[in-house]
Amino acid sequence: MFPTSMATSIRNTKMLLRRAFSIKRNEILARNLCFTRTLNANEDQDKSKKVVEEKKNKAELKEAKQKEAKAKLNMLLESMSKTTQKAYPSESKLSLATPKIRAKPAKPVKQPVFNTKIEPEMLQAVEDVSNMLSKENEALKNSLIAKLEDVADESERARLEPFKPNKQKTEDLNSLLNTLKVDGKKPKNKSPAPKLAPVKIEDMYGAQPSGIFSKAHFIEESSAVSGLATWDMLYEKELELAVTHPPANGFQQMIQWTKQGKVWQFPIDNEQGLDEEAQIGFHEHVFLEPHLKPWCPRRGPVRHFMELVVVGLSKNPYLTVEQKKEHINWFRDFFEAKRSILIDTGAIPDITTKSSPSLST
Amino acid sequence: MMSCPNLNALVWQHLFRNARRRPFVWKSGRSIVPNGNSFSTETKEIVIPNYIPRGPTDILEALASTVKRDPTAPHFKFHDDPYLIPASNHAKRTYALAQEAGRKAANWIKHEHAELFQHRNAEPFIQAFAPAEKLTETTPITEDLLKKYIHTAQVANAIHVYGKLDSAAISPETRQSFLEFVAFYNEDDQLNQDFVEERWFKSGMKGKDQIRQTWKNNGLAEAVFNSMERKTPEAYCALICGMAKHGKAVGAWEYYNQMLAEGFAPNLTTYNSIFKIAGIVREDAEHQIRLIDETLRNMVHAGIKPNVRTLNSILESISRIPIYRVAREKSLQVLSDFKSIGVKPSLGSYYFLLKIFCREKGPINNILVGIVNRLEYEMPPLQDLHDVAFFAEAMRVCNYHLEDVQLAKRLHDLLCIPQNQALIGDSYKESIYYRCFLLLLTRAEGPEALMEMYRHLVPNIYTPEQSVFEAVVKSVAECSAVHYVPELWSDAVYMDMGERESILEVLLEALASGSGPDSNTVSDKDDVDPVLATARAITAHVDNFLKVAEEKNRPTPLRWTGSMLGNLAKLFLQYGDVASANAIIIKVHTLKNQLSSFFPVATLNKLYESCIERQDSAMALMAIDYAVEMGYDESSSMAKQAREQLKLDERQQEKLNSILGSTSTTSEES
């Protein structure tokens, strides 16, 4: 009964000690972590890769790590107790508005001590411990209180002094904390600004060029003449199909139909698609008399007839020039075939073998 | 200069004011006004602007760019009829493809019964409406026919004609053209380009991410090549490009070396193909980079200027280097190199950069921020087939890699510009894009912002998959934003997800996450809180569904579960809906062991307490019965409470005893 209760009360004191000590420490730690995390980000990545490689040894590693962590924890606790006993020479030199620190001689009085630096709870705990060890209870109590005061002094000092990270200590702590794994879900981040923003935006053109093109002289238009005309045509076709999606509105649908050749093209043009006719001028349709010149007599009923035919043809929009010429030539052949009758009737003058133009003059 | 008109206007105003007082200043005022402004009477030289040649679709494109996407309306391709507007992904796909099937059927009839469509009313004749000429025994086979088929990308017909043609009669140009044609398509017949829907739903991603060898070994392309008596450099180029395109890297590499040995100079497209396969013919990263550098030097030596596709091919090859550091450094160097000769990256280049920099297990890299900055400033034109893969990949990076909502929104704004909308790729990439976007929002945004974007996207622009929808509901539930749940429930029904157990679970979880009736919410005409109404609707929906399934003897994966009923009971108690709560107890009592999960104890206790309060001994007994059946520790205390606080008639007393009797015996047994 006795040793267990003592053990618990000692544990209590220890805990309280540590709590007083760690309140400030937590803050420092947090700051250190933020500070070092950004620096270590890249290293961590490399580390994690290595871990993947060494999967086989994982089990062994894990044990070793646990041992290591325990050792570190012990070391840390030791160092904590050491630091609390340290003397602070800077204390006296600084003329800050700190409460005066006096080494209070613990009085051998039984009644409860009012100590401003130490909470009454703690004092009670100290009292309990010392009561249990009846022999050296005074000495024990004094040393405990002294220790508590030390802690209180140090935390007070840390509060007032600007923070200076102790490199060795933070590293120890970080390495310890890195080995710890925290299970469970992370609390959900609902704020629109997530994470620590990455520090540097990767610059796409930050690198030094290799200089491969530094002395290059390119033949102009070399890219246009690739030599694979069909290949390029098919690539372009594929590229266009890659962005041809189901139309999202009526205009887009009309664009697709236009490209497929199913609707009139904009801007509206009545002669669209009449490509062959576009090669032929207006005058060729209208002025057809030159086609009469080689064979037709200059005057007389045949001429009269043919002129009417030509006028009619010149007003006909439905025939091509070729068809009109054919039409005229048909009459030429017709009159040629009926030449004898025409001469007999006097429709053309009876002049024997002579070229038509001379005939007509 | 800009202030000039204002200044003149001021001067003019000043003069005018004076003029009203002193008319003579008015007269002189005109001449004071400096020359060259709009008020001077001097004749200005009229400059007639140059004629701007317009393409046939330019006007339509200008008009189309004025039409914004309306998120409240279904897509244009669907019939504008409420009964025919699809909401689920499955329905969207089915409806669109059904329409396409109609088009195909019409096309088939046109081809099968070509004789019925020979009328030629239109002048000029519209070739697109004419049935395609069928290749028969009597069709005169000419070189022109071959050329026509090559031009219209009809692979099977072209191959047929080539086979029939006397090979000596084909001119070298046509033969070269045919070789390029066969190499490009790898002898595979192509989908008719009119069938837009089918292409849209065909997953374009498959096989493109990883190079698979699809090249037809000893196929027609190689046969055509071998049939050439004099191997021209172009023939080599066509074969190398074709092999590289269809994944036969080793073959392409062999022909490339053969070509160099013959002293031929490859052209730009061929060099690009070689860059693409550099990672396959050289396994080691170091050797691969050396090959790239060497090939680039060859290009410089030959005076061939690389283009953006060269850049993309190199980056594609680098993206396959597994070592992050090497890939990163080389890609940056290549970018700087290409910048020095004025080649600007396209979206495809950015796509490969993201693949290089933002790897799944690699360090976090924010290169995308720089890319989006550039894109907001200037959008590169479409130049490479990989350009369309950018947006999906970028959103994926935003979600899984950077988890940056602001960046995702900027990216989305870029895509929303009408000219950029076509760059989404295909339906598969589109769904990746929106899935990542919505998932990111569920994790990073509050319920208001999330629901705002959700309403914008769902259901017309995007229908969430089951997992995404669950994520949305969970996100809303975590903030106890119960007032959004009725809307989500109606969406779930609309999108055909109302019968899925996991969706119902999360919806009910979300409903019960609230803190009870809120006096501010607007109730419907029967004065029922919408949350309560939703809970009732869900209960009725599931009951009805189960009933129909039972009647038709149809197996269904949906069952009531303990947690679903627990959440419902909790909610009904919150809202003081006794009748519905009792209905839940009865359900629990009848289903008992059929429930796939336990009815939560805490809710059971609450239910029980409410029964005691109301002195409803029948319901209380049912609750005790369930507690005993499930072996909850609370059963004995519940029974005790029942004895003390409830007025039980004899039968009930008996029943209670029998329930408890069974426990005591079971406990003794155990």
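Of the 361 residues in chain A, 24% are buried, a term that stands for under 20% relative accessible area with a 1.4 Å probe, protein chains only. This is a predicted model, in which local features need pLDDT of at least 70 and side-chain atom pairs count only at pLDDT 80 or more, while totals for chains, interfaces and linings use all residues. Residues are numbered from 1 along each chain as its sequence is written, chains are lettered from A in the order in which they are written, and side-chain values use heavy atoms, with hydrogens and water left out.

The secondary structure of chain A consists of 14 helices and zero strands, where helices are DSSP runs of H or I with at least four residues and strands are runs of E with at least two, numbered from the N terminus.

At the interface, 70 residues of chain A are in contact with 100 residues of chain B, contact being heavy atoms within 4.5 Å. In chain A, M204(A), Y205(A) and W231(A) lose the most area to chain B, together 12% of what that side buries, the buried area being the accessible area (1.4 Å probe) that two parts lose on being put together, summed over both.

Three salt bridges are counted between chain A and chain B, each a side-chain nitrogen of Lys or Arg within 4 Å of a carboxyl oxygen of Asp or Glu. D194(B) and K262(A) join their side chains in a salt bridge at 3.4 Å, N to O.

Methods:
Buried means under 20% relative accessible area, exposed over 50%, partly exposed in between (1.4 Å probe, protein chains only).
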